[in-house]
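Here is a short briefing on one protein model. Look at the structure first, then work through the points by topic.

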Amino acid sequence: MLRIVRAPLVDTLLRLQAEEAVFRTEKHNYFIIGRAARQATVVLGLSGQPDQVLDVPRVLTARLPVVKRFSGGGHVVVDSNSLLVSFVFGRDILPHVDPYPRPIMNWSGELYQRVFARLGLQQFHLLENDYVLRASPHAPALKFAGNAQCLSSDRWVHHTSFLWDFEPSNMTCLRKPAKAPEYRAGREHDSFLTCLREWCPWHTIDDVEDAVVDEVRATFGPLQEVPFAEIVPAVSRTYLPRHTRKINLENPPG
């Protein structure tokens, strides 16, 4: 049975460490969902170099903590207006999905298309590995979520940060990436990103969370509720290789 872990407003570093721990040391399948912590936090992909992907002076001025996660992908600023969803799966739970980045993205895109249909939002698309919203076929595609993955020989993680809303000044802490999807067309963050609140103001972030849970339950059947506190001890296992960590921008490692 798929385990559901509700993790509302959990510290971002601890949440990602727990995800890495159950990915690396357990065989259970997990669906982890909840709003990010109230403290806005910059999250970097595994290969992200702070001086290349961040406006470091802005981050320091804003006093935002910076966390490097164990998965690849891009970089994002999350806070309590971000809904974080992670699937930590063994290969056997979705035998029809090849455990490689593109098939996993396609599976997730189909799942979330059904999620947003539940909310009456038909403008959702998977485009160049991004979840986007588009008012019409010829309108610019606007990104509203970030994705990242980590794959091993027998397990994989796919996690997403959905932006229900965001503070524009926080997004200025992120530099324009050197490699960007074609549909971005050189746009700055303020004309490339959007938030779900603007597209479905009749809903709340809790409605979005409920829709994700309902669709996952419809897909996988009954879910086993597991408290977040139950997976936290996995973080302290001494043999666990840790890639998720806090980054000190004032005194970076040499």
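Leaving aside neighbours within four places in sequence, which residues is phenylalanine 31 in contact with? The partners are Leu2, Arg3, Ile4, Val5, Val85, Ser86, Phe87, Val212, Val213, Val216 and Leu223. Keep in mind that this is a predicted model.

**Nonpolar cores**

- Phe31 belongs to the largest nonpolar core, which has 38 residues.
- Phe31, Phe87, Tyr112, Phe116 and Phe162 touch the most other members of this core.
- Several elements give two or more residues to the core, including strand 2, strand 6, strand 8 (130-133), helix 7 and helix 8.
- Helix 4 gives the largest share, seven residues.
- In soluble globular proteins, nonpolar side chains tend to be buried together.

**Helix 8**

- Helix 8 covers residues 205-220, which makes 16 residues.
- From first C-alpha to last, helix 8 reaches 23 Å, close to the 22 Å expected at 1.5 Å a residue.
- Which residues of helix 8 are buried? They are Ile205, Val208, Glu209, Ala211, Val212, Val213, Glu215 and Val216.
- An α-helix has 3.6 residues a turn, so residues three or four places apart point the same way.
- The cover over the buried residues of helix 8 includes strand 1 (3-6), strand 2 (30-35), strand 6, helix 4 and helix 7 (196-199).

**The largest pocket**

- Rolling a probe the size of a water molecule over the atoms shows where empty space is left.
- The largest pocket holds about 1200 Å³ of space.
- Its lining has 49 residues, and Gly73, Gly74, His75, Lys143 and Asn147 lie nearest the centre.
- Elements that give two or more residues to this lining include helix 1 (12-25), strand 6 (82-90), helix 4 (101-118) and strand 10 (155-163).
- Which element gives the most to the lining of the largest pocket? Strand 9 does, with seven residues.
- By class, the lining of the largest pocket has 21 nonpolar, 17 polar and eleven charged residues.

**The second largest pocket**

- About 290 Å³ of space lies in the second largest pocket.
- This pocket is lined by 14 residues, and Pro168, Met171, Glu188, His189 and Asp190 are the closest to its centre.
- Helix 5 (168-171) and helix 6 are the elements that give two or more residues to this lining.
- The lining of the second largest pocket has six nonpolar, three polar and five charged residues.

How values were computed. Residues are numbered from 1 along each chain as its sequence is written. This is a predicted model: local features need pLDDT of at least 70, side-chain atom pairs count only at pLDDT 80 or more; totals for chains, interfaces and linings use all residues. Side-chain values use heavy atoms; hydrogens and water are left out. On a 1 Å grid over the protein atoms alone, a cavity is a set of points where a 1.4 Å probe fits but cannot get out, and a pocket is an open set with protein on both sides within 12 Å along at least five of seven lines; lining residues have an atom within 4 Å of a point. Grid points are joined across faces, edges and corners, and a volume is the space filled by probe spheres set on the points. Helices (H or I, at least four residues) and strands (E, at least two) are DSSP runs, numbered from the N terminus. Ala, Val, Leu, Ile, Met, Phe, Trp, Tyr, Cys and Pro count as nonpolar, Asp, Glu, Lys and Arg as charged, and the others, Gly among them, as polar. The expected span of a helix is 1.5 Å times one less than its number of residues. Buried means under 20% relative accessible area, exposed over 50%, partly exposed in between (1.4 Å probe, protein chains only). Contact means heavy atoms within 4.5 Å. A nonpolar core is a set of buried Ala, Val, Leu, Ile, Met, Phe, Trp, Tyr and Cys residues joined through side-chain atoms within 4.5 Å.
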